[in-house]
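Welcome, and please load the structure in your viewer. We will go from one selection to the next, with a short note on what to look for at every stop.

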Amino acid sequence: MKLTRLDDWLKLRADISLPTGMWIDGRSAAAEDGATTPLISPRDGEILTHLPAAGAQDVARAVRSAKAAFDSGVWSRISPRERGETLIRWADLLEAHRDEMALLIALEMGKPVTIAWNVELKTTIGLIRWYGELADKLMDESPRGKNDALALVTREPMGVVAAITPWNFPMTLSTFKMPAALVAGNTVVLKPASQSPLSVLRAAELASEAGLPDGVLQVVTGSGPVTGAALASDNDVATLTFTGSTDVGKQLLHYSADSNAKPVWLELGGKSPNIIFPDAPSIEEAIDVAGWAISFNSGQMCTAGSRLLVHRDIHDQVVEGVTNYLAGLRIGDPLDPDTEMGPLASQRHRNDVLAEISKGMQTRAQLVLGSDQPLDRPGWFVEPAVFTGVDPDDRLAQHEIFGPVMSVLTFENDDEAIRIANNSDYGLGSAVWTSNLSRAAQVSRRLDAGLVWVNCFEEGDYSVPFGGRKLSGHGGDKSVHGLEKFTTTKTTWMAV
Ligand code: NAP
């Protein structure tokens, strides 16, 4: 990252203009009735820009254009290699505009610009390139079942893919959907979160510049209950992929049932257990990672290590270490490259997080760090909070707060740790810290979660699926498996 001072980023902010339209048919578009909503930055409460509030007619326009692009074959019937090359050019353009993209993310949802640049955009650009490179390396099947007939099992694109995404990783989570759907030959209509449409709108513009034909990628802006609902209910949408809250995920299943019964793929909430045994290879490292796992992205992570399960023998040492880590974080302006923790994404979300802390203070748990009051500065800032003595059945241990609020629970043996860890409606991330190989293997096997990290947290790669089970959803994103939801098999028999 070359811009190393706050002033550098403020200058870039002054130099760029922010998107004001949706992206439909390869160009910026307003809502048909001209309706707009203001976009407010969590950094300082400033109005950044106004964006179209798409109504049902605008969504229909975007879907029709995506369907026309699909049916024309301009993307779905070109060679996979050509599709891959376009995605790679798109990744190159995002790399060339990495500063601007990081700035947009910091402005729209408050992620520290250093993290947006180093983490979010690294994954975004890398994943688009990875799918681009995969394009011509996929094989169909021809099973040898019969002598007098030839069977071909081919994977075909589905048509128009709708993607609805949240604000916590606006680019990364949209990229968990877009390149996989595109490389398979589909066209895409994306609805980003109302809080964070800027980076995705700019990315769509860059995709057009990279040679993506008009209509192949559309971005519609507007509220979930209007724009999102219209998209999820559209009969021309062949499949729907979603990342967001469990409540909205359930609602999408209703929209599907009430329209064309499209498949709905859900990446939902979490309450990830992070289990530290006394035989962890390094208690100090486990402590630092536990602090990171609840404060990274201001705790606004579906996989946040929000339930810290600590063996009774090391409880005091771990709590002291984690509170020291969190108390030492540099909280500040997301445009300052030295900032480690920025604000929460919106005023409403900040108020919700503080209300959860307040509710926790009325239980038997003790608040050993943090407060239920906002930080005294412009923007939606809170201090990290740690509760000890949390009852495993309490709201503090069950409800996804989606902020920097850690609940510490204790256990005495492996069975108890697993019982507490699995005592959740969610099943997304989980971590185990131990140097005992048998324990690591046994506990990992028994954890009811889509992701298990042993002596690490949040490890991942483009080649490995990411996703959960239970109320955390189904159908992992990323990797070769991430393509399955965007293709459908066809069996063709030929008499020979
Ligand atoms: P959210 O409220 O569920 O919103 C997600 C998206 O759904 C937004 O684009 C939202 O639009 C839209 N939406 C809201 N109501 C809708 C409706 N009735 N019909 C159609 N679309 C609708 O979630 P969020 O607050 O943005 O994000 C936080 C949640 O995402 C947390 O629960 C977190 O755990 C989860 N998450 C999961 C993963 C994962 O991979 N499992 C990753 C990241 C986040 P508006 O913005 O306009 O409301």
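A residue counts as exposed when its relative accessible area is over 50%, and as buried when that value is under 20%. Please keep in mind that this is a predicted model.

**Stop one: alanine 261.** Select alanine 261, in the loop that links helix 10 (246-258) and strand 10 (264-267). Is alanine 261 buried or exposed? Its relative accessibility is 57%, so alanine 261 counts as exposed. Now check the backbone: phi of alanine 261 is near 55°, a positive value in a residue other than glycine.

**Stop two: lysine 478.** Next, jump to the loop between strand 20 (473-474) and strand 21 (487-495), where you will find lysine 478. Lysine 478 is not a glycine, yet its phi is positive too, at about 70°. As for accessibility, lysine 478 is buried, because its relative accessible area is 8%.

**Stop three: strand 7.** Select residues 187-191, which make up strand 7. How many of the residues of strand 7 are buried? The count is 5 of the 5, so strand 7 is largely enclosed by the rest of the structure. In a regular strand, side chains alternate between the two faces of the sheet. Colour Thr187, Val189 and Lys191 for one side of strand 7, then Val188 and Leu190 for the other; all of them are buried, and both faces are covered.

Now bring in the neighbours. Strand 6 (residues 160-164) runs parallel to strand 7 and is joined to it by 5 bridges. To see the pairing, show isoleucine 164, which stands opposite lysine 191 in strand 7. Strand 8 (residues 217-219) also pairs with strand 7 in the parallel sense, over 3 bridges. Here, valine 188 stands opposite leucine 217 in strand 8. Follow the chain from strand 7 through helix 8 (residues 198-209) to strand 8, and you trace a right-handed β-α-β crossover.

**Stop four: aspartate 333.** Finally, centre the view on aspartate 333, in the loop between helix 12 (315-327) and helix 13 (347-361). Aspartate 333 has a relative accessible area of 17%, so it is buried. Which residues does aspartate 333 touch, not counting those up to four places away in sequence? They are Leu6, Arg43, Thr339, Arg377 and Phe381. Draw a distance between the side chains of aspartate 333 and arginine 43: a polar contact of 2.7 Å joins them.

Methods:
Residues are numbered from 1 along each chain as its sequence is written. This is a predicted model: local features need pLDDT of at least 70, side-chain atom pairs count only at pLDDT 80 or more; totals for chains, interfaces and linings use all residues. Side-chain values use heavy atoms; hydrogens and water are left out. Helices (H or I, at least four residues) and strands (E, at least two) are DSSP runs, numbered from the N terminus. Buried means under 20% relative accessible area, exposed over 50%, partly exposed in between (1.4 Å probe, protein chains only). A polar contact is a pair of N or O atoms within 3.5 Å; within protein, one must be able to donate a hydrogen and the other to accept it, and residues adjacent in sequence count only if both atoms are side-chain atoms. Contact means heavy atoms within 4.5 Å. Two strands pair if DSSP finds at least two bridges between them. A crossover is right-handed if, with the strands pointing away from the viewer, the path from the first strand over the helix to the second runs clockwise.
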